[in-house]
Amino acid sequence: MSRLRGPRANYPSSLTLVRRIVAALFPRVLDEPALPPPLQAGAIVPAVTMKELRGACRRIKDHTAPGPDGVPNSAIKITIDKHPDIFLQVYTACLRSGVFPACWKRQMLALLPKPSKPPEEPSSCRPLCMLNTAGKIFERIICDRLEAITESPGSLSDHQYGFRKGRSTTHAIENVIATA
């Protein structure tokens, strides 16, 4: 809470209340195991490069709370710096097999109470889900690759504004006004 610059607040103490808040914030969806999509004939997934790995590591902050594995971000980054070959092999194998390891998807939930809200209401808590750093780095590598494809010339329409770097709703509104 100190990093959020908010006042210290009391966390929900009743287990029943915590369960009700979690159920409201994270409704259950029947989870069917997803099979990785088959690769197109002759498709080759390029190996993760040192540049991709280092770029992903640079974007991970050192002093944030660790995920469920308890390994601090700085420790993973130091390990990657000392033995990048191991991580390059693991991330490349994950990409080529189309598998995102389940242990990297687990999260640790912290419910941060919002000030001046009734504590018994689910909307009065802000959920914070902390993930393992190895998964965050893999997500960043995937995201960077997707952005490189979608931002390349001829891939997305110039009228696509959502979920793109350097574009926003404001740009779309300006375009509508200019057209009008």
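**Close-up views of a predicted model**

Everything shown here comes from a predicted model.

View 1. Let's start with the overall layout: the protein chain has 6 helices and 2 strands. Following the sequence, these elements come in the pattern α-α-α-α-β-β-α-α. Of the 180 residues in the protein chain, 24% are buried. Taking contacts between residues at least 6 apart in sequence, 63% join residues at least 24 apart.

View 2. Which residues of helix H3 (residues 73–82) are buried? They are Asn73, Ile76, Lys77 and Ile80. These residues lie on the same side of H3, because they cover an arc of only 100° around the axis. On the face turned away from the buried side, you will find the exposed residues Ile78 and Lys82.

**View 3. The partners of helix H3.** What do the buried residues of H3 pack against? Their neighbours are helix H2 (50–58), helix H4 (84–97) and H5.

**View 4. Glycine 162 in its loop.** Glycine 162 sits in the loop that runs between helix H5 (133–150) and helix H6 (169–179). Is this glycine 162 buried, exposed or partly exposed? Its relative accessibility is 33%, so glycine 162 counts as partly exposed. Alanine 172 is 10 residues away from glycine 162 along the chain, and 9.1 Å separates their C-alpha atoms.

Definitions and conventions
Residues numbered from 1 in each chain as written. Predicted model: local features only at pLDDT ≥ 70, side-chain atom pairs only at ≥ 80, totals over all residues. Heavy atoms only, no water. Helix = DSSP H or I, 4+ residues; strand = E, 2+ residues; numbered from the N terminus. Buried < 20%, exposed > 50% of the residue type's maximum accessible area, 1.4 Å probe, protein only. Contact = heavy atoms within 4.5 Å. Arc of directions from axis to C-beta.
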